[in-house]
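Biologist: Could you take me through this model before I set up any calculations? I would like to begin with the surface.

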Amino acid sequence: WSTARTEVEDDDGKPTSVEVDFAANYAEESSYGYTSMKWKLANFVSEGTYEIKIETKCDQLGGPPDIDMSSTSILSGVIDLTLPEQYGQALPLRDTVLLGEELVVVFTEAILCEKPFTFDLQVIIDGTNYRFDREELQVVCEGRKVGFQIDPTVGIDVEQVIGKTFTVEIGKVGVDSLSNIFDANGNAIENNVKFSKTLANINLDEASSLFKFTLEDIECSDDIVGALADEVKDKIMKLLELDTSDTSRIVLSSMICENGDTVITTTTLLPPSTDGGGRSLRTTSSSSAAVGTERLHSINLFTKLRDLSQEQHQGGSRLSNPKERKMFADKDNKSDSKVGFLFNVKDLKIIASASDTKTMLTTASNLLDQEEELYKLVSSSKSGRHSMEVIMKKTDRRAIVDEIEMHEDAMIEEFHTHLQLEMKMQDEAGHQREEAGRQHDEEMMREMKMHEEEMLREMKLLHVELLVVTLACIGISIGALLYLKK
């Protein structure tokens, strides 16, 4: 055990360090008989965990030792005078990030992560009216990290914000705020965390959207839920008014049944078919069909689903049971039976194309090692029930990009095969039409020839009849002449 020390002024008015003694003349006693003193820690006590107690010592009277002293029970505590600070740069280390991608700030020590969170977090997208506070973001606080995502399902116009720079501030935002970033022992960060990044200006026509699709009031079970995939896909097709040729754009996975009447599936909307150059094929017709729903990119299709779901639930939320909500959906759908069932969508993730991933969403090679170490640091600092975060090594990232490229090449090859087959079918159809036309012409020629021969036969018959009539007239005339001469 060591005796705590305090700081007092000596006879010359200079500060000096002395042992804490509540009975000394430098101890100030209140009118109620209580004495308090400040424990001087800086430069005297190193940081760490300590056990603390207070003892009183009396003049020794020659009796047992425990008669001459008294001690309080022991209290355990931590001496921590170090303020938390940001460690390294915000992750990922590249300047451009994908909308909805997690951004992570690492600190020098574990911070206070009990809910409600003690810190402010604000995101402002430059050149727009979008300003998000902590409650409007998806925020995770674990160990030495604060991570957050801009939720693209909350009504953001994706086309308006991509390519825009946004600023992030974490800590005490606003002069009247009482919030801040604290470490586990209550030390507040001295300066707010501030940084800026840019939302990658990806080609949305080549991007995919992945989200959770929930279909309500549908009878299901764990045994048959997989067999409902076609029905769920048909309903999504109906909602989006897609043509049957676009069925391949909808991919369902991880279907589960909840409570026997709700189906939840992870849904991916693929981009429209692409040509060899990676550009979305567009209909060349100037009609309205040329810009129809089937040509919308996958994020716009998700937005359409979200808006339909919100309209439906806003109208039916006051109804108490599934039957009433179903009747509302049918009534609301009286015009074209488009929304004759209850559904909702959430957790949108935007998946960029392989080319955009390589050019805008891949960290520079000279920063990969540093980025990997920071992710490892965050992962190793987690505690409790939180699972370890998966760290992607350089080879893993390269493998992901290669896999995306292979998938894209396979889609292009499949499209080329489909296009060649379609052209071949069109050529065969043209040959068939040409052969049918030739046969039709030959049939017409045969009919015309037969008609001409029929007319010639009729004309010959008329000639014979005329000759007979002429000869008869001549005979009658000769007979009449001979009769008159007699």
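Modeller: One definition is needed at the outset: a patch is made of residues with over 30% relative accessible area and no salt bridge, and like charges are joined within 9 Å. Please also keep in mind that this is a predicted model.

Biologist: Understood. Which residues form the negative surface patch?

Modeller: The negative patch consists of E9, D10, D11 and D12. Among them, D12 sits in the loop between β1 (5-9) and β2 (15-19).

Biologist: Is D12 buried or exposed?

Modeller: D12 is exposed, since its relative accessible area is 65% and the limit for that class is over 50%.

Biologist: Let us step back. How many helices and strands does the chain have?

Modeller: The secondary structure comprises seven helices and 18 strands. The chain has 486 residues, and 35% of them count as buried.

Biologist: How much accessible surface is there in total?

Modeller: The accessible surface of the chain is about 31000 Å², with 53% of it belonging to carbon and sulfur atoms.

Biologist: What share of the contacts comes from residues 24 or more positions apart?

Modeller: Among contacts with a separation of 6 or more, such pairs account for 66%.

Biologist: Now to electrostatics. How many salt bridges does a search of the whole structure find?

Modeller: The search finds eleven. As background, side chains of opposite charge can pair when their charged atoms come close. One of the salt bridges links R94 and E101, whose closest N and O atoms are 2.5 Å apart.

Biologist: Where do R94 and E101 stand in terms of accessibility?

Modeller: R94 counts as buried, as its relative accessibility is 13%. E101 is partly exposed, with a value of 22%.

Biologist: What about R134; with which residue does R134 form a salt bridge?

Modeller: The partner of R134 is E135, and their closest N and O atoms are 3.1 Å apart. R134 is buried at 17% relative accessible area, whereas E135 is exposed at 62%.

Biologist: And K376, which residue does K376 pair with?

Modeller: K376 forms a salt bridge with E372, the closest N and O atoms being 3.6 Å apart.

Biologist: How accessible are K376 and E372?

Modeller: K376 is partly exposed, with 33% relative accessible area. E372 is buried, at 10%.

Biologist: A change of topic: where is S208 placed?

Modeller: S208 is in strand β15, residues 208-216. S208 counts as buried because its relative accessibility is 10%, which is under the 20% limit.

Biologist: Which residues is S208 in contact with, leaving aside its neighbours within four places in sequence?

Modeller: They are T268, L269, L270, P271, S298, I299, K349, I350 and I351.

Biologist: I also need to check the backbone. Which residues does a cis peptide bond join?

Modeller: As a general point, most residues other than glycine have a negative phi, and most peptide bonds are trans. Here, a cis peptide bond joins L91 and P92, with omega about -5°. P92 is in the loop between β6 (75-79) and β7 (96-97). A cis peptide bond also joins K115 and P116, with omega about 0°, and P116 is in the loop between β8 (103-106) and β9 (120-125).

Biologist: And what is the phi of D217 and of D347?

Modeller: D217 is not a glycine, yet its phi is positive, about 55°. D217 lies in the loop between β15 and α2 (229-240) and is partly exposed at 28% relative accessibility. D347 also has a positive phi, near 55°, but D347 is found in strand β18, residues 343-351. D347 is partly exposed, with a relative accessible area of 36%.

Notes. Residues numbered from 1 in each chain as written. Predicted model: local features only at pLDDT ≥ 70, side-chain atom pairs only at ≥ 80, totals over all residues. Heavy atoms only, no water. Patch = residues over 30% accessible without salt bridge, like charges linked within 9 Å, V, L, I, M, F, W, Y side chains within 5 Å. Areas by Shrake-Rupley, 256 points an atom, 1.4 Å probe, with all protein chains shown as cover. Salt bridge = Lys/Arg side-chain N within 4 Å of Asp/Glu carboxyl O. Lys, Arg positive; Asp, Glu negative; His and termini not counted. Charge placed at Lys NZ, Arg CZ, Asp CG, Glu CD. Helix = DSSP H or I, 4+ residues; strand = E, 2+ residues; numbered from the N terminus. Buried < 20%, exposed > 50% of the residue type's maximum accessible area, 1.4 Å probe, protein only. Contact = heavy atoms within 4.5 Å.
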